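Q: I would like a close look at a single part of this model. Please pick one chain and describe how it is put together and how it meets its partner.

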Amino acid sequence: MAYSDKVVDHFNNPRNMGSFKKDEEGVGTGMVGAPECGDVMKLQIKVQNDTIVDAKFKTFGCGSAIASSSLATEWLKGKTIDEAQKIKNTDIVQELNLPPVKIHCSVLAEDAIKAALADYQKKADGALIDAK
Amino acid sequence: MKLPIFLDNHSTTPMDPRVLDTMLPYFVEKFGNAASRNHAFGWAAEEAVEQARKQIAKLIKADPKEIVFTSGATESDNLAIKGVLEMYKEKGDHIITSSTEHRAVLDTVKSLEGKGKAVATYLSVDKFGMVNPEDVRKAITEKTILISIMLANNEIGTINPVKEIGKIAKEKGILFHCDATQGVGKIPVDVQDMGIDLMSFTSHKMYGPKGVGALYVRKKNPRVRIAAQMDGGGHERGMRSGTLPVPLIVGFGKACELCEQEMAKDTARLIAMRDRLEASIMKALEESYLNGHPTNRLPGNLNISFAYVEGESLLMGMKDIALSSGSACTSATLEPSYVLRALGVGTELAHSSIRFGLGRFNTDDEIDYTIKKVIEIVTKLREMSPLYEMAKEGVDLKSVQWAAH
């Protein structure tokens with residue numbers, strides 16, 4: 001199977017690969033997938049004043065899974081929480097020109113975004129309750 | 001050194017230029033039909049076919065009359081299994097085979113089962129991928145008419161104790177078919193000594209052309225009969241109709257002759273290169289696991305799982321080396337390798353496997369390059385892997401509640 005140029009580019013030059021400390025303030029972590037399924041994505045966002053100022057990923061998976069999560073971090077940076085919620089897997093499919101058998105990689109990336117946002121929200125709500 | 005490097009010699013092999021040379025006259029100049037008995041064109045073709053039959057038979061210690069030409073090993077497997085089941089249906093309908101056979105055997109058996117024409121026992125293998133001959137003995141029933149066990153596995157290269165299985169088959173008077181696609185030409189094969197009654201093999205796995213294979217069908221002790229699966233002109237003593245592809249057969253014959261002459265030399269070279277590849281990779285990369293038998297396997301085979309990285313991404317990172325992986329992402333079924341699963345390899349490690357298949361034309365330079373590339377890409381992808389990060393932090397990955405999808 002041939003990969004699109006964009007998948008190859010993200011695979012060879014992954015954007016924002018790495019990790020934040022999970023307990024760092026303003027960091028939300030999403031981990032989705034399972035090793036036995038052949039893909040696990042960890043996606044992290046760093047939020048200040050409702051805006052995602054930084055994002056990082058680590059992925060165990062095929063080239064398309066790595067590219068999908070790399071692209072997701074690129075898109076997340078600079079977006080507000082509300083804007084980030086609106087990223088759809090179909091956008092990723094279109095941008096990376098993923099073939100049908102690789103659509104699940106984009107779904108996983110969307111799940112990872114949602115999970116990171118939810119984790120951030122949970123921590124922020126918790127901090128709010130603690131402050132009260 | 002030229003890129004890309006071909007290290008996928010279990011899928012197919014490049015044709016030996018010496019094989020091509022022997023084939024060339026049989027396309028334009030000597031184009032006759034080997035079945036034309038009444039003119040010089042036919043005689044020349046027939047002579048060439050019979051010469052090839054001798055070369056092929058010699059490699060496996062058979063009689064030339066026991067060689068039936070087919071289009072390849074898949075057809076040979078189909079012809080052997082379906083042909084025996086149909087011919088001996090009065091005697092029984094039970095087949096014994098193993099869970100790590102090639103799809104050409106497994107799907108043929110399943111197709112017969114689906115039609116109600118056969119009942120099958122699928123023997124499991126040990127952690128090295130080997131069938132236990134005693135399991136074969138125990139699985140035999142009054143209705144067993146065929147045992148079909150492969151010589152060497154196409155993924156992990158493990159060589160089965162075929163001779164012991166052949167002995168049990170003889171003892172019990174049951175026919176023994178061996179899918180020897182990966183073994184013939186690579187390791188010594190002797191159908192007499194191994195007690196094989198039917199054997200499938202193909203030309204393109206041993207530096208010959210694609211599109212031609214053979215089924216060995218024993219003529220004496222016992223005389224094996226099979227029902228033809230294709231109707232037509234009654235070629236190949238009625239077992240396989242269809243005009244013989246003379247140039248391909250000539251090439252197949254030459255390929256067998258070369259394998260016979262050069263086996264000792266090829267084997268020594270391949271084992272040296274393969275062992276160096278294995279040792280260098282294993283030394284540099286922790287948590288790399290060999291799949292298959294540590295010693296009793298094909299000379300050119302090396303199958304390794306690299307924990308925490310996924311196979312398809314490994315292949316993608318080594319684009320200039322042609323390899324294969326047991327990862328689901330590289331298979332049509334989206335399931336990881338059933339062979340590795342049958343060995344008890346965990347699904348996650350099956351996803352992380354790479355098969356290196358070395359052949360006659362690989363060089364030491366290519367192996368050096370491959371060692372360097374493998375270490376580079378595995379290291380890079382582990383840096384990128386959340387699983388590796390967790391393992392380094394001391395998290396037990398088995399204890400994590402994964403959101404399976």
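A: In this predicted model, the contact takes 24 residues from chain A and 23 residues from chain B, where two residues are in contact if their C-beta atoms, placed from the backbone, lie within 7 Å. On chain A, at least two residues each come from strand S1 (27–34), strand S2 (39–48), strand S3 (51–60) and helix H2 (63–76); helices (H or I, at least four residues) and strands (E, at least two) are DSSP runs, numbered from the N terminus. S1(A) gives the most to this side, with 4 residues. By class, the side of chain A that touches chain B has 14 nonpolar, 6 polar and 4 charged residues; Ala, Val, Leu, Ile, Met, Phe, Trp, Tyr, Cys and Pro count as nonpolar, Asp, Glu, Lys and Arg as charged, and the others, Gly among them, as polar.

Residues are numbered from 1 along each chain as its sequence is written, while chains are lettered from A and ligands numbered from 1 in the order in which they are written. As the model is a predicted one, local features need pLDDT of at least 70 and side-chain atom pairs count only at pLDDT 80 or more, whereas totals for chains, interfaces and linings use all residues.

Now chain A as a whole. Its secondary structure comes to 5 helices and 3 strands, and along the sequence these follow the pattern α-β-β-β-α-α-α-α. The C-alpha atoms of chain A fill a box of roughly 55 × 30 × 20 Å along the principal axes.

The three strands form an open sheet in the order S1-S2-S3 (chain A), with antiparallel pairing; two strands pair if DSSP finds at least two bridges between them. S1 and S3 of chain A are the edge strands, each pairing on one side only. From one strand to the next, the twist averages 15°. S2(A) and S3(A) are joined by 9 bridges in the antiparallel sense. A:Leu43 stands opposite A:Phe57 in S3(A).

H2(A) lies across S2 and S3 of chain A and runs at about 170° to S3(A). Axes are lines fitted to C-alpha atoms, for helices over the stretch in contact, and angles run from 0 to 180 degrees between N-to-C directions.

H2(A) also packs with helix H4 (residues 89–96) of chain A, at an angle of about 110° and with the axes 10 Å apart. That makes H2(A) roughly perpendicular to H4(A) (angles under 35 degrees count as roughly parallel, over 145 as roughly antiparallel, 65 to 115 as roughly perpendicular and the rest as oblique). On the H2(A) side the residues are A:Ala67, A:Ser68, A:Leu71 and A:Ala72, and they meet A:Ile92, A:Glu95 and A:Leu96 in H4(A). This contact of H2(A) with H4(A) divides into 5 nonpolar, 1 polar and 1 charged residues.

To put H2(A) together: this helix lies across S2 and S3 of chain A, packs with H4(A), and is among the elements that supply at least two residues to the side touching chain B.
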